[in-house]
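The sequence and structure are shown first.

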Amino acid sequence: MTETIAGRTRGGTLPSTEALDALRAELRGVLCLPGEPGYDEARTIWNAMIDRRPGAIVRAAGAADVVRAVRFARDHDLLLSVRGGGHNIAGNAVADGGLMIDLTRMKSVRIDPVRRTAWVEPGVTLGEFDKEAQTFALATPLGINSTTGVAGLTLGGGFGWLSRKHGLSVDNLLGADVVTANGELVHASETENPDLFWAIRGGGGNFGVVTSFEFRLVPVGPLVHAGLIIHPLARAKAALEAYAKAMPSAPEDLTVWIVMRKAPPLPFLDPRYHGTEILAFAVCYHGEPEKADQALGLVRSIGQPIAEFLGPMPFVAWQQIIDPLLAPGARNYWKSHNFKALTSGMMDVMIEFANRLPSPECELAFAQLGGAINRVPADATAYPHRDIAYLLNIHTRWTDASRDQACIAWARELYDRMAPHATGSIYVNFIPEDESQRLVASAYGSNFARLAKLKTKYDPTNLFQRNSNIQPA
Ligand SMILES: Cc1cc2nc3c(=O)[nH]c(=O)nc-3n(C[C@H](O)[C@H](O)[C@H](O)COP(=O)(O)OP(=O)(O)OC[C@H]3O[C@@H](n4cnc5c(N)ncnc54)[C@H](O)[C@@H]3O)c2cc1C
């Protein structure tokens with residue numbers, strides 16, 4: 001396979017066995033060719049719709065292996081892909097042919113509890129990071145599913161339960177070690193290579209391979225007040241109206257997401273509701289414990305729920321609570337929109353589509369953003385969407401390949417019906433494979449032109465093109 005997105009044509013055909021043997025001998029990690037141990041494990045990613053076969057995979061043990069792999073791909077004009085946690089919905093981490101750099105073995109997390117900083121390698125998942133940081137009751141804003149990779153999530157922006165109070169993952173990034181397209185390892189921070197540092201905070205994997213992230217940590221937990229409040233979908237409109245009224249004045253240490261789906265067999269939910277359509281408020285309050293009742297009261301006072309499972313629990317446990325619904329191995333097609341408000345028209349469309357889910361695993365996930373995220377100027381980092389309050393992620397999930405067409409059609413129709421209410425911008429980390437290029441301008445927004453200039457400076461031949469690709473001039 002050959003890809004010519006822009007820049008030089010990069011091929012999938014590997015060089016001679018001698019060249020590969022020389023690379024293998026140089027590595028501290030492992031080079032896997034098709035059929036060799038570890039090859040299938042490394043190429044298997046979260047979304048089971050992606051089944052691609054790289055020509056070779058470098059399972060890097062450290063930054064030196066990444067340098068060698070990047071130089072090898074550059075010198076042999078190989079199509080290059082980079083895998084962190086493997087959760088990218090479009091499957092950019094893996095290509096057919098060419099060379100894949102698998103970072104999953106780079107798992108070190110070093111916490112400095114005194115300076116409140118963390119150094120994190122790019123194979124670390126959210127759950128692994130939280131376990132280290134929470135030992136010291138510290139955290140940094142990341143996502144809501146513990147198996148997601150810190151690397152890809154951060155490079156696109158990164159938001160979760162802590163973001164309304166503490167900003168995006170990129171807002172807490174202090175620096176990074178980056179292997180650039182010319183195979184050099186450089187440090188990027190506010191004082192060293194500041195333009196590169198700006199670009200990797202939202203520009204995705206376009207600018208190099210990050211081999212170490214340094215994050216600012218904030219005190220969190222270890223106990224937070226979190227859980228689920230469940231309403232029948234039949235009463236969703238009233239619940240959504242009350243939510244839309246209450247949330248604009250909610251404290252920033254309270255974050256409430258909405259999930260509309262068929263109820264899983266939750267132990268605290270009356271079995272007669274299992275498998276029926278519900279609206280769940282997923283709630284996390286991480287502020288002062290004395291103010292928890294007041295904050296949680298904002299959601300508890302909404303309508304007449306059919307179940308509640310909400311109280312103090314370890315932040316680490318809360319970070320894993322949604323994992324069973326987002327486990328790897330299912331077929332997935334996601335689409336997403338950004339919004340400035342939750343309006344009555346949006347509620348009607350969401351309820352209509354939640355009433356005709358094409359599979360029991362599909363859901364509408366409605367994230368509450370705003371707060372500290374929006375206090376950062378749009379041009380301060382490459383992530384540009386500093387004016388949105390909510391994000392809808394259409395989580396279309398199923399297991400039977402014969403349902404592909406029906407499930408994807410449902411997602412596309414819902415996406416189209418929500419479009420008139422949305423801002424037209426999109427979060428780069430939620431772009432599906434078939435829209436990777438169409439939505440590039442919407443993803444990088446007002447920062448697109450500056451990013452393109454920096455792409456030309458740092459990656460003029462577009463070595464890093466398996467991403468929502470910013471083409472060099
Ligand atoms: C179940 C699930 C839940 C999610 N929840 C959230 C959430 O709560 N908040 C949120 O913000 N996002 C969330 N996401 C989206 C997530 O941010 C993206 O899927 C992101 O790409 C995942 O990063 P990864 O390292 O796991 O992915 P990968 O597929 O490994 O990487 C994605 C891309 O990032 C680039 N990349 C990865 N590592 C590096 C590196 N070290 N250096 C340079 N480039 C690199 C590459 O271009 C790669 O193709 C979720 C996704 C899933 C599937």
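The count of aromatic pairs comes to 18 in this structure, which is a predicted model. The points below begin with two of these pairs and then turn to other parts of the chain.

**Aromatic pairs**

- A pair of aromatic rings is described by the distance of the centres and the angle of the planes.
- Trp334 and Phe430 form an edge-to-face pair, with 5.9 Å from centre to centre and 65 degrees between the planes.
- Trp334 belongs to strand β18 (residues 331-339), whereas Phe430 lies in the loop between α12 (404-418) and α13 (440-444), so this pair ties together parts that are 96 residues apart in sequence.
- Both Trp334 and Phe430 are buried.
- Phe339 is in strand β18 and Phe366 in strand β19 (residues 363-368), so their pair ties together parts that are 27 residues apart in sequence.
- Phe339 has a relative accessible area of 0% and is buried; Phe366 is buried as well, at 1%.
- Ring pairs also link a cluster made of Trp46, Phe159, Trp161, Trp257, Trp318, Trp334, Tyr383, Tyr427 and Phe430.

**Charges over rings**

- The charged end of Arg201 sits over the ring of Phe197, at 3.8 Å from the ring centre.
- Arg356 lies over the face of Phe353, and here the distance to the ring centre is 4.3 Å.

**Contact of α11 with α12**

- The axes of helix α11 (residues 344-354) and helix α12 come within 10 Å and cross at roughly 170 degrees.
- Helix α11 is therefore roughly antiparallel to α12, since angles over 145 degrees fall in that class.
- On the α11 side the contact involves Met346, Val349, Met350, Glu352 and Phe353, which meet Trp410, Glu413, Leu414, Arg417 and Met418 of α12.
- By type, the residues of this contact divide into seven nonpolar, three charged and no polar.

**Trp410 in α12**

- Trp410 lies in helix α12 and is buried, with a relative accessible area of 3%.
- Leaving aside neighbours within four places in sequence, Trp410 is in contact with Phe353, Arg356, Leu357, Pro358, Cys362, Leu364, Ile394 and Thr396.

**Backbone geometry**

- Most residues other than glycine have a negative phi, and most peptide bonds are trans.
- The peptide bond that joins Gly221 and Pro222 is cis, with omega about 10 degrees.
- Pro222 is placed in the loop between β13 (218-219) and β14.
- Arg116, which is not a glycine, has a positive phi of about 55 degrees.
- Arg116 is located in the loop between β7 (109-112) and β8 (117-120), and its relative accessibility of 39% makes it partly exposed.
- Asn193 also has a positive phi, near 45 degrees.
- The loop between β11 (185-189) and α7 (194-200) holds Asn193, which counts as partly exposed at 30% relative accessibility.

- Pro232 lies in strand β14 (residues 223-232) and is buried, with a relative accessible area of 12%.
- Beyond its neighbours within four places in sequence, Pro232 is in contact with Glu277, Ile278, Leu279, Gln304 and Ile306.
- Between Pro232 and Gln405 there are 173 residues of sequence separation and 28 Å in space, C-alpha to C-alpha.
- Arg28 is found in the loop between α1 (17-26) and β3 (30-32) and counts as exposed, at 64% relative accessibility.
- With neighbours within four places in sequence left aside, the contacts of Arg28 are Ala61, Gly62 and Asp65.
- Arg28 and Ala411 are 383 residues apart in sequence, and their C-alpha atoms are 44 Å apart in space.

Note on methods. Residues numbered from 1 in each chain as written. Predicted model: local features only at pLDDT ≥ 70, side-chain atom pairs only at ≥ 80, totals over all residues. Heavy atoms only, no water. Phe/Tyr/Trp six-rings, centres within 6.5 Å; stacked < 30°, edge-to-face > 60°. Helix = DSSP H or I, 4+ residues; strand = E, 2+ residues; numbered from the N terminus. Buried < 20%, exposed > 50% of the residue type's maximum accessible area, 1.4 Å probe, protein only. Lys NZ or Arg CZ within 6 Å of the ring centre and 35° of its normal. Axes fitted to C-alpha atoms, helices over the stretch in contact; angles between N-to-C directions. Parallel < 35°, antiparallel > 145°, perpendicular 65-115°, else oblique. Contact = heavy atoms within 4.5 Å. Nonpolar A, V, L, I, M, F, W, Y, C, P; charged D, E, K, R; others polar.
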